[in-house]
Amino acid sequence: MTQPAVHGQFRHNGPQDAIRPHGRDGVPHPGHDEGREAGLDGAPHSGPDEGRGAGPDGGTGLPANPVVSWRKAAVIAAAGIVVGLLWWILAPSGLNLLSGNPDLRSGGNTEGWLPRDLVLAALFLLAGCISGAVASGSKHSEPSGRDVFLAVGAGVLGALAAWGTGVLCGLVWGTPEDTSASASIAFSLRSLAVLAIWPAATALAIFLNTVFATPRPQAG
C-alpha cells in the first residue's frame, strides 16, 4: 500500500517493488528470480553435466545384453544329445523308423551305410539353422563377433555330442554284430565331414539373417 510522504508528497513504489511479490513481513519471496531460469514449458534447464551417463538409445549407458550368452551356448551344445538320440531312432542300423525297411536294420547291409550318414547330416542341417536363428538376434539387436564365435563353437560341441550319443546308443541298445570285416557294420559315422555341417549351417544362417534382415532406423 502506498504510504503518504512527508510535506504533502507521495512516495511511489519502484518498478521492482511493483512486480516482486512480498510476504506479510515485506520480504520478497525467495526463488522468484530463480523461476526465470526455467524454460518456456516451466521445466528447469538441465545442467551441463546432466545425462552424460546415458547411452545412445537414451538408456543408462550400460552395455546391451549379448544375443548369445554362455547359457544359450550351453543349451545349443546340449541339444546334440537329443540329435544323437534322433539319429539312432531314425537311421538305418538303428531303430530304422525313417525307412521302415527291415533289411536295413542290420549294419551288415552296406546299402544302409550312406542313408545312415545322410540322416545325421539332415539333422545337423536343421539344428544348425535353428542355432543360427537363435544367434542372429533381431533388427534391434544384431549379433557381434563374440556371439558368432559362441554359436559356431556350440555347434561344434553339439555335433560331437550327437555323434557320441548315437554311437553309444548303438553299443547299448543295438544288436551285437561282428565288426571284424568293417567297423561300419556297427552303428557309426563313416564320413567325419558330416560333423562340419552343424557349425557351417549356423554361420550361414547368421550371415543370411544379417544380410537380409530389415535395417534398424537411424537414431535422430
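Tutor: A residue is buried under 20% relative accessible area, exposed over 50% and partly exposed in between, using a 1.4 Å probe and protein chains only. This is a predicted model: local features need pLDDT of at least 70, side-chain atom pairs count only at pLDDT 80 or more, and totals for chains, interfaces and linings use all residues. Residues are numbered from 1 along each chain as its sequence is written, and side-chain values use heavy atoms, leaving out hydrogens and water.

Student: Why is Phe187 called buried?

Tutor: Its relative accessibility is 6%. The limit is under 20%, so Phe187 counts as buried.

Student: And what makes Cys129 partly exposed, but Cys169 buried?

Tutor: Cys129 has 38% relative accessibility, so it counts as partly exposed. Cys169 has 5%, so it counts as buried.

Student: How many disulfides does the structure have?

Tutor: A search of the whole structure gives 0. A disulfide needs a pair of cysteine sulfur atoms within 2.5 Å.

Student: How many aromatic pairs are there?

Tutor: The structure has 3. Rings of Phe, Tyr and Trp (its six-membered ring) pair if their centres lie within 6.5 Å; planes under 30 degrees apart are stacked, over 60 edge-to-face, and the rest tilted.

Student: Why is the pair of Trp87 and Phe187 called tilted?

Tutor: The ring centres are 4.5 Å apart and the planes stand at 50°, so the pair is tilted. Trp87 belongs to helix H2 and Phe187 to the loop between H4 and H5, so this pair ties together parts 100 residues apart in sequence.

Student: Why is the pair of Trp88 and Phe187 called edge-to-face?

Tutor: Here the planes are at 80° and the centres 5.3 Å apart, so the pair is edge-to-face. The pair links distant parts of the chain, with Trp88 in helix H2 and Phe187 in the loop between H4 and H5, 99 residues apart.

Student: Which residues form the aromatic cluster?

Tutor: Trp87, Trp88 and Phe187 form one cluster. Trp87 is buried, at 0% relative accessible area. Trp88 and Phe187 are buried too.

Student: How many helices and strands does the chain have?

Tutor: It has 5 helices and 0 strands. Helices (H or I, at least four residues) and strands (E, at least two) are DSSP runs, numbered from the N terminus.

Student: What do the buried residues of H2 pack against?

Tutor: They pack against H3, H4 and H5. Contact means heavy atoms within 4.5 Å. The buried residues of H2 include Ala73, Gly80, Trp87 and Trp88.

Student: Which residues of H5 are buried?

Tutor: They are Trp198, Pro199, Ala201, Thr202, Ala205 and Ile206.

Student: How do you know that they line one face of the helix?

Tutor: The arc is that of the directions from the helix axis to the C-beta atoms. Down the axis of H5, the buried residues fall within an arc of 165°, so they line one face. On the other side, Phe207 and Phe212 are exposed.

Student: Which helices do the buried residues of H5 pack against?

Tutor: They pack against helix H2 (70-90), helix H3 (113-136) and helix H4 (145-173).
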